[in-house]
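This briefing covers the strand pairing and the helix packing of the structure shown below. Points are grouped by topic.

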Amino acid sequence: MRRQNPLVYFIISLSLASALLIVSLSGLLSGVQGIAAAPLFALTGLFTRGGSAVMAAGNELYDVESLRQRNRDLERQLAALTGEVVQLREIAADYERLAQLLNYTTANRDMQFIAADVLGVDQQGLIRAILINKGTRDGVRAGMPVVTELGLVGRIFDVTANAARVQLITDQNSFVSGRLQTSRAEGSVEGRGLLTGNLVMRYIPVDAPIIIGDLVFTSGLGGNFPPNIVIGQVTSRQSFEFELSQEAQLTSLIDFNRLELVLVVTNFEAADLRLE
Amino acid sequence: MVRSALLLLLLIVLVALQSSVFPYIRFFSGQPNLILLVVVAWALDADWREAFTWAFVGGLLQDLMSIAPLGTSILPLVLAIFALKLLDQQFEGLSILLYFVVVVAASLLAQVVLFVGLGLVGYPIDLIPTIRYFLLPTMAYQIALALPVYLLVRWLHQLTRPRRSYGLSP
């Protein structure tokens with residue numbers, strides 16, 4: 001039997017891998033990559049649906065156990081909360097009026113959407129990205145915003161013929177221009193995906209009031225996202241002595257671990273400021 | 001043939017699981033890289049050609065499901081297999097110990113290559129939080145799962161090993 005030469009196999013494998021890396025970086029393989037990944041996307045989609053079903057069943061079992069305890073707690077809280085109901089009704093009425101003032105529905109009619117199923121998430125835990133089942137064939141392009149009824153999900157990062165990768169706003173490399181609802185102060189909303197999956201809004205002017213519970217919307221500055229899409233809600237604020245700005249911690253209203261269906265805004269083109 | 005088909009199927013299922021189910025069990029941002037564990041464990045009992053082939057296939061499958069460019073996961077796997085096989089020749093009989101050493105080294109190398117690969121596609125990495133919340137939890141997962149995966153792969157190896165026939169064929 002002929003003796004195997006390990007060095008030859010090593011050099012061939014290393015050369016192939018390096019060549020693949022170089023060609024992939026040049027962007028020449030994106031079409032082939034999309035075709036090759038299609039069956040994997042389909043299988044991942046199946047597993048995601050299966051996983052979600054198992055998670056839901058598990059949560060229900062857990063819920064039964066915890067509901068008994070919760071019921072007792074809630075009965076105690078009910079008495080205390082009754083007084084607040086009247087106040088909350090007033091707030092709800094205010095909210096209705098504000099919603100009409102914002103005319104949110106009319107604003108959204110300007111947008112065109114494509115609904116897409118979430119197939120899975122990026123292989124690398126370092127990256128907060130999801131895979132969706134719509135691609136260039138459906139009119140999806142890189143840079144398009146992705147939303148749900150609860151607010152901004154992210155933007156299309158990479159797209160193949162029948163699938164796309166969406167960089168979530170919780171990703172550490174996601175930067176969205178945001179505006180506080182009450183003070184109208186602006187800042188940059190950055191993902192903190194590695195830590196908690198929450199968001200932080202930086203560079204808020206030092207004299208701007210930050211109200212806990214305030215909503216943060218996209219400002220549209222920079223041209224990467226359309227304005228007035230909900231990004232999240234302020235959960236805490238931080239100001240530093242001698243700093244020219246302050247920052248706020250935000251939580252998105254979206255549970256990114258349970259995303260199943262998203263909407264791609266197809267009639268918005270992100271501004272490309274690169275020089276030709 | 002059956003052996004190759006079985007391993008390919010296992011790798012495909014693992015890649016799909018890593019994108020669908022594993023995110024639910026993330027510890028901070030770290031999650032296990034079972035492809036690396038399986039490929040390295042399989043290489044211990046495989047010849048050079050088979051070991052490199054599966055390193056290539058495993059890495060390619062991983063890269064197809066990620067933003068990272070193709071080749072990012074193949075390179076560390078190929079280097080790891082080379083180191084493993086060389087060490088295995090030098091220190092025969094220490095394969096389980098070598099496996100652990102190579103798993104730790106290869107997992108670290110895979111992360112470093114990933115950071116560089118992502119940097120090349122315009123995805124800069126903030127190093128300190130990345131080490132704290134991604135690299136260390138991933139390493140913890142890799143070390144915790146190394147032995148169970150090793151035992152599973154050994155069992156698969158024995159199950160699918162081609163048997164030599166001593167009887168006369170009819």
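How many residues lie between strand 4 of chain A and strand 5 of chain A in their hairpin? There are 4 residues between these two strands.

This is a predicted model, in which local features need pLDDT of at least 70 and side-chain atom pairs count only at pLDDT 80 or more, while totals for chains, interfaces and linings use all residues; side-chain values use heavy atoms, with hydrogens and water left out. Residues are numbered from 1 along each chain as its sequence is written, and chains are lettered from A and ligands numbered from 1 in the order in which they are written. Helices (H or I, at least four residues) and strands (E, at least two) are DSSP runs, numbered from the N terminus. Two strands pair if DSSP finds at least two bridges between them.

**Chain A: barrel 1-2-5-4-3-12**

- In chain A, 6 strands form a closed barrel in the order 1-2-5-4-3-12, and the pairing is antiparallel.
- From one strand to the next, the twist averages 45°; angles run from 0 to 180 degrees between N-to-C directions, and axes are lines fitted to C-alpha atoms, for helices over the stretch in contact.
- Strand 3 (residues 145–148) of chain A and strand 4 (residues 151–159) of chain A run antiparallel and are joined by 4 bridges.
- Strands 3 and 4 of chain A make a hairpin with 2 residues between them.
- Strand 4 of chain A is joined to strand 5 (residues 164–168) of chain A by 5 bridges, again with the strands running antiparallel.
- A:Arg155 of strand 4 is the bridge partner of A:Pro145, and A:Arg155 also has A:Gln167 in strand 5 of chain A as a bridge partner.
- A:Asp158 has its bridge partner in strand 5 of chain A, namely A:Arg165.

**Chain A: barrel 6-7-8-11-10-9**

- Another set of 6 strands in chain A closes into a barrel in the order 6-7-8-11-10-9, with antiparallel pairing.
- On average, neighbouring strands of this sheet are turned by 40° against each other, direction ignored.
- Strand 7 (residues 186–191) of chain A pairs with strand 8 (residues 199–205) of chain A over 4 bridges in the antiparallel sense.
- Within strand 8 of chain A, A:Met201 is the residue opposite A:Val189.
- Strand 9 (residues 215–218) of chain A pairs with strand 10 (residues 230–239) of chain A over 3 bridges, antiparallel.
- A:Val230 in strand 10 of chain A is the bridge partner of A:Phe217.
- Strand 10 of chain A also pairs with strand 11 (residues 245–251) of chain A, over 6 bridges and in the antiparallel sense.
- A:Arg237 has A:Ala248 in strand 11 of chain A as its bridge partner.
- The hairpin of strands 10 and 11 of chain A has 5 residues between the strands, and A:Phe242 in the turn has a positive phi of about 70°.

**Chain B: overall form**

- Chain B has 6 helices and 0 strands, and its elements run α-α-α-α-α-α from the N terminus on.
- Chain B is as compact as a globular protein of its length, because its radius of gyration of 17 Å is close to the 15 Å that the globule rule gives for 170 residues.
- The radius of gyration is taken over C-alpha atoms, and the globule rule is 2.2 Å times the number of residues to the power 0.38.
- Along the principal axes, the C-alpha atoms of chain B fill a box of roughly 65 × 35 × 25 Å.

**Chain B: helix 1 with helix 3**

- The axes of helix 1 (residues 2–20) of chain B and helix 3 (residues 48–64) of chain B cross at roughly 30° and come within 10 Å.
- Helix 1 of chain B is therefore roughly parallel to helix 3 of chain B (angles under 35 degrees count as roughly parallel, over 145 as roughly antiparallel, 65 to 115 as roughly perpendicular and the rest as oblique).

**Chain B: helix 2 with helix 4**

- Helix 2 (residues 34–44) of chain B and helix 4 (residues 74–90) of chain B have axes that come within 10 Å and cross at roughly 30°.
- Helix 2 of chain B is therefore roughly parallel to helix 4 of chain B.
- Their crossing is right-handed.
- The contact is made by B:Leu36, B:Val39, B:Val40, B:Ala43 and B:Leu44 of helix 2 and by B:Leu77, B:Ile81, B:Leu84, B:Lys85 and B:Asp88 of helix 4.
- By class, this contact has 8 nonpolar, no polar and 2 charged residues.

Technical notes
Left-handed = near helix turned anticlockwise from the far one by under 90°. Contact = heavy atoms within 4.5 Å. Nonpolar A, V, L, I, M, F, W, Y, C, P; charged D, E, K, R; others polar.
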